[in-house]
Amino acid sequence: MVDSQQWLQSLPTAEGLLGKVQLLGRQSLLQKGMPSISDEDWRLTNLNQLKEFLSLPISCQDSKLTELNCREWPDCSKEVFRLIVDPQLRPMDPETLPQGLQILNSKELIQALALKENSQPSDVSWTELINHASATKVLGLSVEGKDVPPIELIINAEPGKFSSTRVIFILKENAKLELVQVVLGRGNSTQSHLLEMHLHKGAVLNHAFLGYGSGQSCLLAKLSVQQESNSQYCFTGIQHGWALGRLEPHIVQKEGEASTTLRGLQITKGKEQIATHSRIRFEGPEGKLDQLQKGIAADHSHCIFNGGIEVPRIAQQTNASQLSRNLLLSKRARIDTKPELKIIADDVRCTHGATVSQLKEEELFYLRSRGIAFEQAIRLLLKGYCQDVLKQLPLPAKEWSLLKNLLKNVS
Amino acid sequence: MAENQNTSELNTQKPYKYGFVTDIETEKFSKGLNEDVIKLISRKKQEPDFLLDFRLKSFRQWKKMREPNWADLGYPKIDYQDMIYYAAPKQSDKKASLDEVDPKLLETFDKLGIPLSEQKRLSNVAVDAVFDSVSIATTYKEKLSEYGVVFCSISEAVAEYPELIKKYLGTVVPINDNFFAALNSAVFSDGSFVFIPKGVECPMDLSSYFRINSGDTGQFERTLIIAEEASSVSYLEGCTAPMFDTNTLHAAVVELIALDDASIKYSTVQNWYSGNEEGVGGIYNFVTKRGHCKGKKSKISWSQVETGSAITWKYPSCVLQGEESIGEFYSVALTNNLQKADTGTKMIHIGPKTKSTIVSKGISSGKSNNSYRGLVQMGPKALGAKNYSQCDSMLIGDQASANTYPYIRSQQPQASIEHEASTCKISEDQLFYLQSRGIDFEEAVSMLVSGFCRDVFNQLPMEFAAEADKLLALKLEGSVG
């Protein structure tokens, strides 16, 4: 168990490109302290477990992944560019990058980081601060043009360690990309991950975030997306297998007139606790949002969704819809869902809905009356339930998100 | 009828017609709160020892508690020592007949549209009138007692039915429930008590009317309604206060208990003074209301129209314990100018096959802030429980905000929860349609608003529904366009 001061002391000295960010992050953390149950955003989190995960030793500079669990990975087709990075974000396989994709040099990185510094302090969540304070390296990539092949970015946690990674993607004007990001947790590990995306005018991004934990692993991920006008951002976040998982997609439509689609699926079993805390803010008129979040909770697990939508005065004619649907499969599991709408603009259409239930008796009966065994019928219904979210995934992600895997051990 | 017309004329001239102060000699305690003040209140009311213990225990609990701030209502810190905890119009004790009551008081209630004197009484509604800290009069008491219904002020109930008070007081809202409930439990001065015996359907609507008169007195009333097996009652609550530049705290506690097959319907039209256009003055309405559906197939229904108060912060709730018990919540909350409202409900499903319905309509105009915050919780034993919630917000003008925070928690797979919500504004098309048919702008707006609130108004007793409709129109006057 640690308090924030102890944890901060265990960090290496701040230096390098991220030195300034680290110092600032550590300062704010020291002020804020650890999250407590009186913080609305952390009220439901298993804070003791969080503290335990924070007390893992920090992954050090020269740690290398000696063996990869590649065997479990699906094959990578030729059209897809697979980029594997180690906990220090060094590409494991320094291949030549495909055309249109570039690694940002330090000058460009500083520029990209500066963009972020101007954002509102309230936007910086505790999850993000943890990353600011601890991440020593940042991987920046820029995308230009429409012909970049789909990218698969694989981030591996280091067993027994706390690793912290930060990735920045910049999509230039009218660029188009399909990105599959896989974050793998293994053994007793904690992965703090910060992903920043900047979509310039007219950029189109189809982004899948696949967080697959195994064993006693923890994920603390923040996704910060800034969209300029006419950009399209489509996000599918899947979380599965984390003892403690937390994903915070935070999207800002800087000028409105952009479109955002969010799909989320989280499946909890055993004693897992997985949460999604999304926030979308419209800073200009005529923004669009379509959000669907699904959760399945089995065994003793706990599934949390918190979805904030902010429509300030300037964001007239916003059209936002949010739907949270949850399946509760066991008597001992728990589901908490909380939409949060803050609306000031008056000429808007905002709707939200939330449901919690179990599988429908009639649907089960229908399948069984056609000779499908009980277990199989349940499986079929669960598959169908997940399909709503999965159908939007970019092509290369389909290999990763094998339903079989997702629904393994869910009963 | 003629009088009614007069009042409606008055309506259009004055934004808040209940803002007058009655000049009456009152007995007030000095400012501040400590154990002595509590003992004094208790002695003043000649309370039995158990109640004094209850008060003192609450006070000690309250001192340990911190004022909550999670709702982010942004009101200045309340100085609890700069407030008077007991104020009563001077009269030796409650009069047997209304003729002996100070005519000024009767006049006040007449002016508020609540005539208490025999010949003018509202037909078929029994009224308990509370002025500052004490109950002035309760009408139709004799008729009610024929049916065995007890309807009196809580002080009288303490004297006459101490065993009932002892058994039920603080069982639904425990003293340590929240900061304001603890404060109320320590200093509550008066309020209404209703007891409906087994199998009795209350022959008339019961109603209490709360009036704050002095500007530096907090009002802490306590209402306790007990409906025994297979009984039913409909209870109405109305409130007004004069216009002061200072903020007055109103921290009431309402407890409802429904046993097997009993049903309680609790309706509120809240019209406390809301402060002026710059947000100066007004009532802080921090109320804890909770009903306990204890028995099988019991039912508690809350309907509320919230139009007043500088800040409204309340969540009338239902604890659904009895099998197949039903909880309902129908609410219209309207905010204008700089008003803030954070209101909603909690439906705590404990027993199997419990059902709850939530319909909430929020209307925000001016620079106000209107939030729906609600909790639906399905406990592990709530087999086959069902909830349906609907919250709609209407925005008038682009400076008001409408927030929705529904909390949903389920621990029972065989329970189903449905929640839907929408936000809209008054549609230009609808306005144009009405105006083109010769209905003037303001009237068209109020028609549309009233249509928006229909689901809730339908749940209100007749007299209230009409009043609520008028009230909304009045409150919105001049805020559109």
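Author: Start with a group of four: Glu40(A), Arg43(A), Lys338(A) and Glu340(A) are linked in a network of salt bridges. A salt bridge here is a side-chain nitrogen of Lys or Arg within 4 Å of a carboxyl oxygen of Asp or Glu. The model is predicted, and local features need pLDDT of at least 70, side-chain atom pairs count only at pLDDT 80 or more, totals for chains, interfaces and linings use all residues, and side-chain values rest on heavy atoms, with hydrogens and water left out. Residues are numbered from 1 along each chain as its sequence is written, while chains are lettered from A and ligands numbered from 1 in the order in which they are written.

Over all chains, the search finds 30 salt bridges. One of them joins the side chains of Glu283(A) and Arg281(A), at 2.6 Å from N to O. Glu283(A), at 25% relative accessibility, counts as partly exposed, whereas Arg281(A), at 7%, counts as buried. (Buried means under 20% relative accessible area, exposed over 50%, and partly exposed in between, with a 1.4 Å probe and protein chains only.)

Another pair crosses between chains, from Asp336(A) in strand E17 of chain A to Arg409(B) in strand E23 of chain B. Their side chains meet in a salt bridge of 2.8 Å, N to O. Both Asp336(A) and Arg409(B) are buried. Helices (H or I, at least four residues) and strands (E, at least two) are DSSP runs, numbered from the N terminus. E17(A) pairs with E23(B), residues 401–410, in the antiparallel sense over six bridges; two strands pair if DSSP finds at least two bridges between them. Arg409(B) is also the bridge partner of Asp336(A) in E23(B).

Now the interface around that pair. In total, 35 residues of chain A are in contact (heavy atoms within 4.5 Å) with 30 residues of chain B. The rule finds two salt bridges across this interface. On the side of chain A that touches chain B, strands E17 (334–343) and E18 (349–357) of chain A each supply at least two residues. E17(A) gives the most, with 10 residues. By type, the residues of this side are 14 nonpolar, nine polar and 12 charged. Here Ala, Val, Leu, Ile, Met, Phe, Trp, Tyr, Cys and Pro count as nonpolar, Asp, Glu, Lys and Arg as charged, and the others, Gly among them, as polar.

Back in chain A, the strand E13 (residues 273–282) has nine of its 10 residues buried, so it is largely enclosed by the rest of the structure. E13(A) runs parallel to strand E15(A), residues 302–311, and nine bridges join the two.

Chain B has a pair of its own. Glu237(B) forms a salt bridge with Lys289(B), with the closest N and O atoms 3.2 Å apart. This pair links distant parts of the chain: Glu237(B) lies in strand E9(B), residues 232–240, and Lys289(B) in strand E13(B), residues 282–293, 52 residues apart. Glu237(B) and Lys289(B) are both buried. For chain B as a whole, buried residues make up 61% of its 481 residues.
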